[in-house]
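Here is a short walk through a structure. Look at the sequence and the model first, then read on.

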Amino acid sequence: MYKQFKKELENKKMQLDLKDIETCDKLKRCWDIIDKQCNNYRKDNNKKIVTPVKAGGWRTVRIFVSSTFTDFYNEREILVKQVFPELREWCEARRIQLIDCDLRWGIPKDTTTGETIAVCLEELDACYETNEGEPFFLNMTCDRYGWIPSEEDIPDDVKEKYDWVPDTSITFMEILHGALRKGNSNAVFFIRNNDFISQIPKDHLTRFKDIDTYSQQQLKLLKAKMSEIFPTQVYCYDVKYKGVSEVEGKELVIIEELEQFAGQVLDFFKSAIEQKYPVPELHNDIPIEELEKDHQWAFITERAESMIGRENEVELLLNFCKGEPCNIKQTEISQPSSRKSENWNLDESDNKLCVVEAKSGWGKTSLLAKVTAILVQEGFDVFYHFCGGTNLSRQSSNLIQRLLHYLDIPPKAKAEENEEETKPLNLLKDAFEEIRKSKRKIIIVFDAVNELTSMALNNHLSWLPPTTPCNVRCIVSCNQHAPSLARLAEHPCYWFQLADLGENNLKALAVSYLGTFNKRLDEEQLDLLVNGTGVDNPLWIRLMCEELRVFGDFRNLTSKIRDLPKSLDELFSTIFTRLLAEDSTGCIKKTLCLIAISYCGLPLADIMKILGDVVKNEIILIPRLHWAQARRHLKPYIRTIGYPNDILTFSHEYLWKAVEKILLTNRTEVVKMHVSLADYFQNICENPELRSQCVPYHLQYGNLGQRLVDFLRTDVDAARLPDFVRSNYLQAFRCPNMAKLNLPNNKEVKFCAFCSSKRSKMKSGSFWTAKDSCIICGAHIWSRTDVPGRTCGFHGMGLPNTTKCFSCNNVIWEKHQTSMMAVKGFLCNNCGFGVKGSLCSLLVPRN
């Protein structure tokens, strides 16, 4: 077809006027050069570029998007907001980082024509280098050939470096350099049917159709050439004119029915990427400790790579870890309440801990990740635990287990039975003592200890020693969480408060973030972004840059920056408004709200059930497509952590506060959401750990008191909860009446002979009998020094000289109460502590 068309041009030349003859000569000269270049390049196309694989086995794929701008606004919106997010998610599952090179905006406004041309083609060079000489290339063509620069516009070095063909457009040179010359198998071409153009109003028509003969003939030759070289890589698609609409203050032509286009782009690149980078073999026999370590390290490297600035802070913390002089202030001693010195074997030569305090979103996690990565790369012996890095990382038990495993100290054969609650602390104390003797030099990094889940604040951070042996150095970070800060200040330590990032570093962070997506701001726009919004932390700047990244009209970019909110809360409100406006299914809002009220996130395996509905006790799943669309829109704000059942959670803790403040304002709806999650975890979820943690949490906030008491008393998974947690849940349902001995009609709690010897009465699966268990939470009663349970005058009323069995409610007569046939019921230390020991022991569940 291409050769035939060139021949027709030559034959018709004798019949044309002088002007048309000049056009034919230009076309012939142009395409003779192109044909020659294509032949020469393919002869020299044997050399392959080999690029290194990134740390952790990750590769990078760059997709260059080529087209004229204004007529392909709609397609580029679909690409950046739907196709590429889904493809990026697909790539990440294969340890591939996807970078879409969409140069809709990003070239500074004062850039010369020569610089603009160089920027576009150099970006293609980066794609060549990244993908071993075969860049992933996407072109979209219709009836515009694009702007043709003059000979004077093109610098000599650009002409020489890229073998510039005279009288061609920038878009055409992208196609030539990225695909035609070397016959790139990773290139794909989409030719849009132009039937819809006849419906476009005249004042918008020039944006969609070139009217000069030369451009029209160039387009015909280009389309014919693409079809000849790439017979299986050219797709034609239809669209429908919808009308003219105002977008960000500007009238734009809107076209629709782009689903076919989006699907074909996605399918092509999935196939091309999979062929070039096959999925490596997976090994399923990795120990759980190693999996947790790998997940932690992946989290650390990701955060370390994204950190900008703070060179002084990094050096300061590195000096502390290496035992070198560092200018960090020391605090004075406070009053220990949880981290008691007598629980540890301390020495005068011990090292003080270093506490890093920062406001939420100020980058303390990235800072510690950077420090940790440097220490590991330099060969130091480092233990790291970043709370929030995995779904297990917020559990204190997981942290302690990992630390003991890392210290490689075998635990004692058997702890004393009545020391079960303090066993982890004792094991750590012994482990640190053995490390002190071994002289092994260790650096320990704990990040975001304020995120550790603990329902007993009196034991919060009790596992953290006041000091560490002289051969161990420890850094602990925390945001402005008052209970955590109070625990950390109980002993003298180095205390480092993180300052704001500073204007230059904020600008550098914006440049880095947008540069990942091949976007650029000029100096005026950068100044406006940083100084015109009040931004003061990395989270804020990244969120604003994400809003700019998905903004389509580069000509109105400065106005968009000027209109950005002036506070982080207002920015979140803007983000949520945009997300909800783009969501026709309701999945986005529901996902955000359910994550925000959840105990530890949402199990990804059952997400379509969780987001679905229940009709007549039957679960109606949401369509998979609805969830896929929601997840793509939410990608910058959520992440998946942990194993073996991945948990969906927010990418930053600030999002919890924002969703609660902006979206969770109706308390009635919040209660209904808790009931929905309680139903899921209690009746559908098959993970016993999640059931034990999440069911009571959501039953409590769903105001389902009776179900909560029944679950804690009868469900075997509830027995997994620590006794003090069970006790704290049940305290809310204690009868509030006092039951002291000197009040009338008050009686001691007793069991009949039959019930007293029964097991699992107060706690499912318990080995202990009723007489040896706490009558509230079911904890084992180790001694009879515990508080005896009593009932108030209202609940103790009955026949004279009688009481009722606490379990079966049968009457126990006075003559039996003093014999072996009746046994007193006792409260454990937690349920009988303080005023709770004087309350009535009856539970009165409230819904």
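The model is a predicted one. Strand β4 covers residues 187-192 and pairs with β5 in the parallel sense, over four bridges.

Now widen the view. The open sheet has five strands, in the order β2-β1-β3-β4-β5, and the pairing is parallel. Where does the sheet end? Its edge strands are β2 (96-102) and β5 (234-237), and each of them pairs on one side only. Neighbouring strands are turned by 20° against each other on average, with direction ignored. A helix joins the picture here. Helix α8 packs on the sheet and touches β3, β4 and β5. The direction of α8 makes about 140° with that of β3.

Helix α8 brings us to the salt bridges. How many salt bridges does the structure hold? There are 35. One of them joins the side chains of Asp143 and Lys223, at 3.9 Å from N to O. Asp143 sits in the loop between β3 (136-141) and α5 (156-162), while Lys223 belongs to helix α8 (residues 213-229), so this pair ties together parts that are 80 residues apart in sequence. Is Asp143 buried or exposed? Asp143 counts as buried, because its relative accessibility is 11% and buried means under 20%. Lys223 is partly exposed, with a relative accessible area of 21%.

Lys507 is in helix α16 (residues 503-516) and Asp527 in helix α17 (residues 523-531). The two residues are 20 apart, and the pair links distant parts of the chain. Lys507 is buried, at 12% relative accessible area. Asp527 is partly exposed, at 30%.

A further pair connects two strands. Arg790 forms a salt bridge with Glu748, and their closest N and O atoms are 4.0 Å apart. Arg790 lies in strand β23 (residues 790-791) and Glu748 in strand β20 (residues 747-748), so parts 42 residues apart in sequence are tied together. Arg790 counts as buried, with 11% relative accessibility. Glu748 counts as partly exposed, with 24%.

Salt bridges can also share partners. In this way Glu689, Arg691, Asp715, Asp717 and Arg720 are joined into one network.

Key: Residues are numbered from 1 along each chain as its sequence is written. This is a predicted model: local features need pLDDT of at least 70, side-chain atom pairs count only at pLDDT 80 or more; totals for chains, interfaces and linings use all residues. Side-chain values use heavy atoms; hydrogens and water are left out. Buried means under 20% relative accessible area, exposed over 50%, partly exposed in between (1.4 Å probe, protein chains only). Two strands pair if DSSP finds at least two bridges between them. Axes are lines fitted to C-alpha atoms, for helices over the stretch in contact, and angles run from 0 to 180 degrees between N-to-C directions. Contact means heavy atoms within 4.5 Å.
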